Amino acid sequence: MTWKKKASKMWQRTRILRYLGYKRIGLEKARNRIDASVLLIIVCVVSLPLFLHAPKEARDAAPAQIGKSDQVAEAVHGDLGDDEVVEEQKVSLSELEKRVAAGEIELRVRSFEKGDSLLGILTKEKVPPADRAGIVDALGLMIDLRTLKPGLQMFLFREKSAGAASGDLLGVSFQIKGTDTIAVLKEESGWIPFSESGRVETINSRVTGFVERTFSGSAKQAGVPDGVVGQVLSALDGEVDFATDIQAGDAFDVIYETKRTPGGLELGGKQLVFIGLKLGKREIYRYAWTDGAGLTTFYDARGLAGAKIIMKRPVKARARLSSGYGYRRHPVLGFEVFHSGVDLACPMNTPIVAAADGTIVQLGRKGAYGRYIRIRHAGGYETAYGHMNGYRQDLGVRSKIKRGEVIGYVGNSGRSTGPHVHFEVWRYGKTLHPGKDNAIPSRQLSGFELEQFVSFASGLHADFERHRVGRLPPIPAERPDFIE
Ligand SMILES: [Zn+2]
């Protein structure tokens, strides 16, 4: 690195630190004016004694001198003024987002996968080395880069590509903790950090309606997005049988949230936050609540999440039980062994799903189990899945996973005689029969968390207090009209 490059890098760093220093006290926009004023005061203070102690002839000439220092200040101010225009008009995340919405530039979304690093992704995206270094540098000023974890989305704004070459990168942004935005934006002088919290707006959309034939069909027809319908099914899985419990005339009430940037970009997909169902005389109201560990669960209005039975056959296909739980003659070893789980035979690459909400605690090859995942659930439960062909790409140890979410694919790895998943249920270090009802105990919010939940839920649905009482109101004879 030549001294020139070094100096320019140091200058760049100084400017970034100055920006961040002002940002901390909320005066980043006025920093040029403040600096110019301070400079002017320093010039005055320094020149004042000179002026007072100057000999008479010099004192006569002093006005010219003061005029000169004014000119200096003017020149400095003018220079910084231009700089200000560059920073405040050219470098704006909202501007980039608007240009994406207008189709002028491209947006690429990359999810961090297991083993991905920021530098690795930038290299794969063919970002030139100098830009890569600038981005890593500027981002490192705002956050610890190790917090860029699997599942996090990175938004890359780039010029439209001409032919095979990809267009120049203009900026990258991330959504941290839902509403905090961090970004680095390209300016003529280099990469500039940007951060703002509360920038992303959360919009709640509510759809109400009645079931005609099926819940899914009627909800979609009423305007509930497909993904949200899927979230309703999994939120009430084990509680409502959507094939048999639902009849024509039953009512539904769905609220989902969308996160949108000031530039009009939608981030992270639509998330179900409330589901209300009126099935004949039975009413069900569930509010989504994300706990301190980052796991979202659906609670009733009293803050109670019902017990959930661990899925007995966590595969997305009709599985044949090729070997049950308990003592049996082992097909490979040929003698009586204890079979600690069940074997579910399905076609190769059938998706395997998590049998309950939880956190992945093991993911990788494990002797005879082959490719293996183990998930920890509430209430001391764990489930394990063996002989997999592969894992879902973005998963790793510590990934949060929802019941019914795909974790990997059926395979024949490890000690196995054909494609199947070996499925185990554990509780406090002992295996249980996966075919029995293994209920993860219910959870009741309490204390401060309950207060937070109530404040969130009462703001979400006008009927929260009524949902909370738990007493069912009289059912009108005609189509129920519990939805205002
Ligand atoms: Zn087995």
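Which order do the strands of the open five-stranded sheet follow?

1. The model is a predicted one, in which local features need pLDDT of at least 70 and side-chain atom pairs count only at pLDDT 80 or more, while totals for chains, interfaces and linings use all residues. Residues are numbered from 1 along each chain as its sequence is written.

2. The number of buried residues among the 22 of α1 is zero, so the helix lies largely in the open. A residue is called buried if 20 or more other C-beta atoms, placed from the backbone, lie within 10 Å of its own, exposed if 12 or fewer do, and partly exposed in between. After α1 comes Gly 26, with a positive phi near 75 degrees.

3. Most residues other than glycine have a negative phi, and two residues deserve a look on that account. Lys 126, in the loop between α5 (118-124) and α6 (129-142), has a positive phi near 60 degrees, and with 9 C-beta neighbours inside 10 Å it counts as exposed. His 387, in strand β20 (residues 381-391), has a positive phi of about 65 degrees, yet His 387 is buried, with 25 other C-beta atoms within 10 Å.

4. The open sheet of five strands has the order β6-β7-β8-β9-β10 with antiparallel pairing, where two strands pair if DSSP finds at least two bridges between them. At the edges stand β6 (201-210) and β10 (296-299), each with a single partner strand, so one side of each is left without a neighbour in the sheet. From one strand to the next the twist averages 20 degrees.

5. Strand β9 (residues 282-290) runs antiparallel to β10 and is joined to it by four bridges, with Ala 288 opposite Phe 298 in β10. Helix α9 (residues 447-460) packs on the sheet and touches β6, β7, β8, β9 and β10, its direction making about 120 degrees with that of β9. Angles run from 0 to 180 degrees between N-to-C directions, and axes are lines fitted to C-alpha atoms, for helices over the stretch in contact, contact being C-beta atoms, placed from the backbone, within 7 Å. Helix α8 (residues 226-235) lies across β7 (251-260), β8 (266-279), β9 and β10, at about 50 degrees to β8.

Notes. Helix = DSSP H or I, 4+ residues; strand = E, 2+ residues; numbered from the N terminus. Contact = placed C-beta atoms within 7 Å.
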